[in-house]
Amino acid sequence: MTDAGAPPASPATPTLANRFRGFLPVVVDVETGGFDWNRHALLEIAVAPIDLDANGLLVVGEITSSHVVPAAGTEIDPKSLEITGIDVDHPFRNALPERAALEAVFAPVRAAAKKHGCQRAILVGHNAHFDLNFLNAAVARSGHKRNPFHPFSVFDTVTLAGVAYGQTVLARAVQAAGFDWNGEEAHSAVYDTERTAQLFCKIVNAWPTPLPGVAPISG
């Protein structure tokens with residue numbers, strides 16, 4: 001006999017693997033020496049794998065970052081340094097060569113994907129293909145063989161924030177989502193990654209979660 005006043009049975013425990021078809025969302029931000037990923041240097045990269053809390057809601061995972069030594073043959077536009085405030089020659093920058101910097105951020109991504117039973121990572125970013133193109137260019141230059149990210153698919157918070165809040169600029173979208181924005185900290189890979197990750201989680205958590213085993217609607 002069922003108690004009519006009892007709450008309905010809870011659905012299957014949500015996982016990131018079944019939420020995103022086997023992909024692990026990982027927020028990425030890069031700071032660079034310009035806008036041309038084939039010509040300009042990668043100078044800084046930060047990653048934040050998305051995690052789940054006890055209620056099955058998306059939360060920002062641990063952020064890993066690295067400063068990057070400009071790869072041989074790449075260029076730096078001085079105007080880009082005026083925007084980012086990066087001092088490439090700062091004695092305490094502790095930059096790593098490109099291949100080592102990639103491995104430093106790829107290793108925790110692979111660990112997070114394994115933890116959540118995901119096949120590979122999918123890059124989440126604000127104007128995400130900009131970050132992905134620089135990432136892919138660095139992977140190709142350095143000959144890195146264990147890139148955990150999908151080579152072309154992304155989740156772009158420009159689109160998500162445009163739908164959710166009518167805002168496409170990161171600062172305005174973050175504020176529309178109810179978070180603080182510090183312009184003095186912007187254009188730091190770690191800060192922009194953290195805020196982009198918070199924005200992504202806020203939007204996705206507000207969206208109805210697909211039920212396990214329910215086929216998508218065909219057009």
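Guide: In this predicted model, helix H3, which covers residues 98-115, packs against helix H4, residues 128-142, at an angle of about 125°, and the axes of the two helices lie 9 Å apart. Because the angle has that value, H3 counts as oblique to H4, and the crossing in which H3 passes H4 is left-handed. On the side of H3, the contact is made by Glu-98, Arg-99, Leu-102 and Phe-106, while H4 brings Leu-135, Ala-138, Val-139, Arg-141 and Ser-142. Sorted by class, the residues in this contact of H3 with H4 are five nonpolar, one polar and three charged.

Staying with H4, this helix has 15 residues and reaches 21 Å from its first C-alpha to its last, which is close to the 21 Å expected at 1.5 Å a residue. The buried residues of H4 are Ala-128, Asp-131, Leu-132, Phe-134, Leu-135, Ala-137, Ala-138, Val-139 and Ser-142. After H4 comes Gly-143, and the phi of Gly-143 is positive, near 70°.

A second pair of helices can be described in the same terms. Helix H5, residues 157-165, packs with H7 at an angle of about 50°, with the two axes 10 Å apart, and because of that angle H5 is oblique to H7. The crossing of H5 and H7 is left-handed. Thr-157, Leu-160, Ala-161, Ala-164 and Tyr-165 of H5 meet Thr-196, Leu-199, Phe-200, Lys-202 and Ile-203 of H7 in this contact, whose residues divide into seven nonpolar, two polar and one charged.

Helix H7 itself, residues 189-205, has 17 residues and reaches 24 Å between its first and last C-alpha, close to the 24 Å expected at 1.5 Å a residue. It is mostly covered, with 13 of its 17 residues buried. Glu-194 is found in H7, and this residue counts as partly exposed because its relative accessibility is 30%. Between Glu-194 and Glu-62 there are 132 residues of separation in sequence, yet the two are 9.4 Å apart in space, C-alpha to C-alpha.

If neighbours within four places in sequence are left aside, Ser-66 is in contact with Glu-44, Ile-45, Leu-96, Ala-101 and Val-105.

Turning to the whole, the protein chain holds seven helices and six strands, and along the sequence they follow the pattern α-β-β-β-β-α-α-β-α-β-α-α-α. Of its 219 residues, 43% count as buried. Among the contacts in the protein chain with a separation of 6 or more, 70% come from residues 24 or more positions apart.

Technical notes
Residues numbered from 1 in each chain as written. Predicted model: local features only at pLDDT ≥ 70, side-chain atom pairs only at ≥ 80, totals over all residues. Heavy atoms only, no water. Axes fitted to C-alpha atoms, helices over the stretch in contact; angles between N-to-C directions. Helix = DSSP H or I, 4+ residues; strand = E, 2+ residues; numbered from the N terminus. Parallel < 35°, antiparallel > 145°, perpendicular 65-115°, else oblique. Left-handed = near helix turned anticlockwise from the far one by under 90°. Contact = heavy atoms within 4.5 Å. Nonpolar A, V, L, I, M, F, W, Y, C, P; charged D, E, K, R; others polar. Expected span 1.5 Å × (residues − 1). Buried < 20%, exposed > 50% of the residue type's maximum accessible area, 1.4 Å probe, protein only.
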